[in-house]
Every structure is written in structure tokens, then in C-alpha cells.
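Have the sequence and the model open side by side.

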Amino acid sequence: MPHVVTQSCVGDGSCVYACPVNCIQPTPDDPAFEHAEMLHIDPAACVDCGACVTACPVDAIKPHRLLDAGERAFLAANAAYHRTPRSRPLLAPVRPRLRVREHERPLRVAIVGSGPAAIYAADELLTIPRAQVSVYERLPVPYGLVRAGVAPDHRRTRRIARQLDRVCADPRLRLRLGVEVGRDVTREQLLASHDAVVYAVGAAADRRLEIPGATLPGTASATEFVAWYNGHPDHAGRSFDLSHRRAVIVGNGNVALDVARILTVDPESLAGTAIAPAALAALRASRVEEVVVVGRRGPAASAFTLPELIGLSATPGVGLAVADDARAGLARGGDPKLELLRGLPPARDGARGITLRWGLTPARIEGAERVTGITFAPTSAAVAAAASDAATADAAATADAAADPAAGRALTTLDAGLVISAIGYRGLPIAGMPFDAASGTIPSADGRVLDAAGGAAIPGLYVAGWIKRGPTGFIGTNKSCSQDTVRALVDDFNAGLLRPAADPAPHRSA
Ligand SMILES: Cc1cc2nc3c(=O)[nH]c(=O)nc-3n(C[C@H](O)[C@H](O)[C@H](O)COP(=O)(O)OP(=O)(O)OC[C@H]3O[C@@H](n4cnc5c(N)ncnc54)[C@H](O)[C@@H]3O)c2cc1C
Ligand SMILES: NC(=O)c1ccc[n+]([C@@H]2O[C@H](COP(=O)([O-])OP(=O)(O)OC[C@H]3O[C@@H](n4cnc5c(N)ncnc54)[C@H](OP(=O)(O)O)[C@@H]3O)[C@@H](O)[C@H]2O)c1
């Protein structure tokens, strides 16, 4: 009876290391790992020992016989992955342990931020005997998007916080909450008392939808909406107009699905979760009945992942449907995501729930004083063909939308009282640090901060997580990212390149 990985998989690879027969793939050292939508257990090789169940921090792994009706699709999804022969050897090597050269003083590192990237970096550093880590977090609570991003009804995923708690309980780690680096403490102050500083500040802002009407009341970004329902202090005072029966979400990544589900699920199912009380009250009074999620490219290029689609389609009380005009585009071909989409019912006028649409590029938001709807142009072949290369696709999309009326192509207008853009997050500059405005990241190479994109490394400064790679990937994706950064940091320490500007007492306040 095989074990099966289900929806709450965060891809941190704990199960991979625990499995005695190496039947869970892709492994963190596989190039496919960074972009994998989840990990998969090979049902033919699984020996049913349960080691992975114990290792998984978010209870994502279940024995086959305990899957509930909504989870059965994961059995096929796990097996399908292993049907394709992999070119790499089955027995993947486990990462070598970090080794710090014998040194007269301990390695001291400051980490900025306390999201997954920061805590995974701390965890890796604390494998070094005598290492000391100070974590600086601007908010009064730790763990970044684990609290302020992950949806409140994703209870199993939120359990990752217990694993982060265990790392923070190490007496060699000091967690300093409510300290904003760049405002309350400078990078020079941190460098004076530490060998190195790792910036793991995430991507707190959103990519902007740059079309006419995008700032009208009734428009919002998913970044704001998510932060509001999760009680992020920066967005606690926000309100959203939920008085119209239809809301439209632009973009179809996992964040779009989270927002669509929160808007349509029975609010009573959110009571007792970590949702902000004000958001729960607003959702209880909401008159939103239909949420249309619009992707600019075709169904095969949908940015949401298979586990999230399976989870959404099995959410009680949430009707998930495919717009009629899209059904013909759902070609057969064995892709599990397209197969699942093909099995969804057609959208019906006036029905409650979530409708998925594709192939529409936003052209303008309608309304004089506030939003009354949104108009889309058909997406051009150039954009539809572009991979998720945001810059190329955006340039083509902007040209596309601007040229559309002249080209006389049929526009589609959807009435709506709320338009939410869920088109991705974006990093913000930190005072005193270089910033690459094009990618919204701190420029880096192998985790070492550069003075400009393609420039020279600045001694003692490192990056990890979304501010290093850009805003993509699961919680666990940041683990290997942070391990790579720590490896570079330790190499530099061993090479004698790191030294605090002033030699401090252990864990002196900055
Ligand atoms: C809405 C949403 C839902 C998601 N849901 C899931 C999910 O269900 N499962 C999953 O696997 N992945 C999920 N993800 C992805 C996952 O949350 C990210 O991969 C991960 O949080 C990125 O980690 P990070 O540490 O780079 O950034 P963050 O988690 O953003 O952490 C950055 C931290 O740095 C702090 N900070 C910023 N600036 C400063 C400063 N100057 N000084 C001190 N502190 C600072 C911030 O306050 C924050 O706490 C979700 C992402 C989003 C946006
Ligand atoms: N449960 C989970 O595991 C979970 C939950 C939430 C988030 N996450 C992860 O967090 C990361 C961020 O998620 P995300 O949803 O913010 O980003 P995302 O996955 O990058 O999706 C962004 C979406 O916006 C679209 N888009 C971008 N620019 C656009 C424009 N100008 N006009 C119209 N559409 C545009 C993209 O279309 P194109 O593809 O055409 O560019 C895509 O559909 C992802 O890696 C995600 O998997 C995970």
C-alpha cells in the first residue's frame, strides 16, 4: 500500500532525506526540483515504512487507504510522475555537511527577515558547531508569508511554523522582532558585529497592472487582499467593496486561486482559522457570488499548480467551472492539469462559484468614479506563445492591448464591482543595499550580493529567498536556495574573507 504526497506539500525535501529506498522525487539536487509543482512517491518502489510521514512538517503524506475523496487524484498524480523514466541515478547523493575551518572565534551571522528563507538559512548555519545567528524581523511576529501569505484555510501548510519554531528555539539563535534593517539598524552596524549579513527580506510589493483605470476605487492587488485577510499590520485598516455579485481576478497563479477561494467559500469554514477577524466579518457580509479568474495565455500555460487545482476542485461548497468558450481549447493529451480542467462543468449564468477563463489580456478598467467592470482584448499569438518570461510577455501584452481597438478585434467586458490583479509579487529596495529595479531583486551571484547586476561582490553580504530569486516557488524551495547561499558564505569564511568590523561580545545588540 503506497504512501501518497498530497496538496499541502511545501517541497522542502524532508521526506526525500527520510526515505530509505529513495522513492520520492525530484530530489533537491535534481535540476527539476526548483520548478517541480510538488514531490511524488513512486508507488512501485514505496516500502510503506512511513518514515516520510514522520518527516513531513506539514502532514502532506498519507497512506493510500486514508486518502479522502478529494485527495484520490493525488494517487494518480504521484504515479504519473514516475511513469516517465528519469535520466539521473535513483540513489541521489545527500548534500555534504558544511565544514568550517578550525577558527579561534565562532562564526557570527545576522539574518534580515524571518520568513522561510531566513529560518532555513539559520537552520543550515546552526549545523556548524559554535555558530551564532541573530535574526532581525521588522514585524512583531516572525515567519513572513507563512503567516501573512499562506491562506488561513490551508491549515496543514501553516503547520510548517512548528518546524520554524524548532529552529528558533536553538539557544544560539536570537530572534529580534520589530527591528527594521535599513531604518532601525544599518547594514554597517550589522557588519560591525557579525562576519556576514544575509538579506532574506522577501518581495513585499506587487507587480502593477498598468492599464487605464487601474487605480479606480474597487481595484486592488492580491498582495493587499491577502495581507488584509491574514492580518498583516501594514494592511489591517484596508477595506474592500464586496457589495457586487461578481469579482474578477486578473492572473491565474496559485495566489489567484487562494483569493478566489477565500471570496467564495462559506465564511463559516474560515471561522476558527487564523483569518483576521475584520476580514471574516466582511466576508460574512459579502454579496460576492461569482469570481472569474482570467489567464492571459491558454489553459496549458495556467500558472496555478496541479495540487492547488485538485484542492480547489474538492473544496466543499465552491463550484469550480470552465467558461464555455474555453472548453474546446482543452485538448486531450494526458497532461493531468488539462485532464482535470476537462472534467469540470461548464459555467452557467448566475451560478455561484469560480469560473476559469483564458486567452484574455486586460485592456482597461471600466467606470467613472469606481469600478463597474473590466475589458479584455484577445491575447495575441506573440503573448500566448511566450513562456512565463514576464518582461517579454508584458511588452507584447501592452502593445497588444494598446493596438486592439484599431485592429477591430472583439473585446470582452465583464461587469464587476471588484477587480483584483494577482499578477505576481515584487521585491522592494532596502536602504543602503543595491537593487535591480528590472527584476525587483538584490543583484547577486551564488548568493553573494553584487554592487550592481553583473558587478562585483560586496564582502560580507549575502541574499536568500524571494529577494534573491524573484517571487516564485514554494516554502520548501527556499530551503535549497538558502543552503546554497550558506555554502558560499562558509566558503568565504573558510577562505578568510569575512571578519566583523569590530570584534563583539557574543550576541551583542546592534
Ligand atoms: C499569497 C501567498 C500564498 C502562499 N502560499 C503558499 C503555500 O500554501 N505553500 C507554499 O509552499 N508556498 C506558498 N507561498 C510561497 C511562500 O510563501 C514563499 O516561497 C516564501 O514565503 C518566500 O520566503 P522568503 O523568506 O523569501 O520571504 P517572506 O516569507 O516574504 O519573508 C520575508 C520577511 O522579511 C521581513 N522583512 C522585510 N524587510 C525587512 C527589513 N528591512 N528588516 C527586517 N525584516 C524585514 C518581512 O517582514 C518578512 O517577514 C505563498 C506565497 C504567497 C504570496
Ligand atoms: N498553495 C501554494 O502552494 C501556493 C499558494 C500561493 C502562491 N504560491 C507560490 O508563490 C509564487 C507566486 O505566485 P503568484 O500567483 O503571485 O505568481 P505566478 O505564479 O507567477 O502567477 C502570476 C500570474 O499573473 C499573470 N500575469 C503576469 N503579468 C500579467 C499581466 N501584465 N497581465 C495579465 N496577467 C499577467 C501570469 O501570466 P503568465 O503566466 O502569462 O506570465 C500568471 O498567470 C508561485 O511560485 C506560487 O506557486 C504557492
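Which residues are buried in helix α11 (residues 277–284)? They are A279, L280 and L283. Buried means under 20% relative accessible area, with over 50% exposed and partly exposed in between (1.4 Å probe, protein chains only). Helices (H or I, at least four residues) and strands (E, at least two) are DSSP runs, numbered from the N terminus. Down the axis of α11, the buried residues fall within an arc of 100°, so they line one face of the helix. That arc is taken from the directions from the helix axis to the C-beta atoms. Their cover includes α9 (222–229) and α10 (254–264), with contact meaning heavy atoms within 4.5 Å.

This is a predicted model: local features need pLDDT of at least 70, side-chain atom pairs count only at pLDDT 80 or more, and totals for chains, interfaces and linings use all residues. Residues are numbered from 1 along each chain as its sequence is written, chains are lettered from A and ligands numbered from 1 in the order in which they are written, and side-chain values use heavy atoms, leaving out hydrogens and water.

Now the rings. The whole structure holds 5 aromatic pairs. Rings of Phe, Tyr and Trp (its six-membered ring) pair if their centres lie within 6.5 Å; planes under 30 degrees apart count as stacked, over 60 as edge-to-face and the rest as tilted. F225 and Y229 have ring centres 5.7 Å apart and planes at 85°, so the pair is edge-to-face. Both F225 and Y229 are buried. Ring pairs link F225, W228, Y229 and F240 into a cluster.
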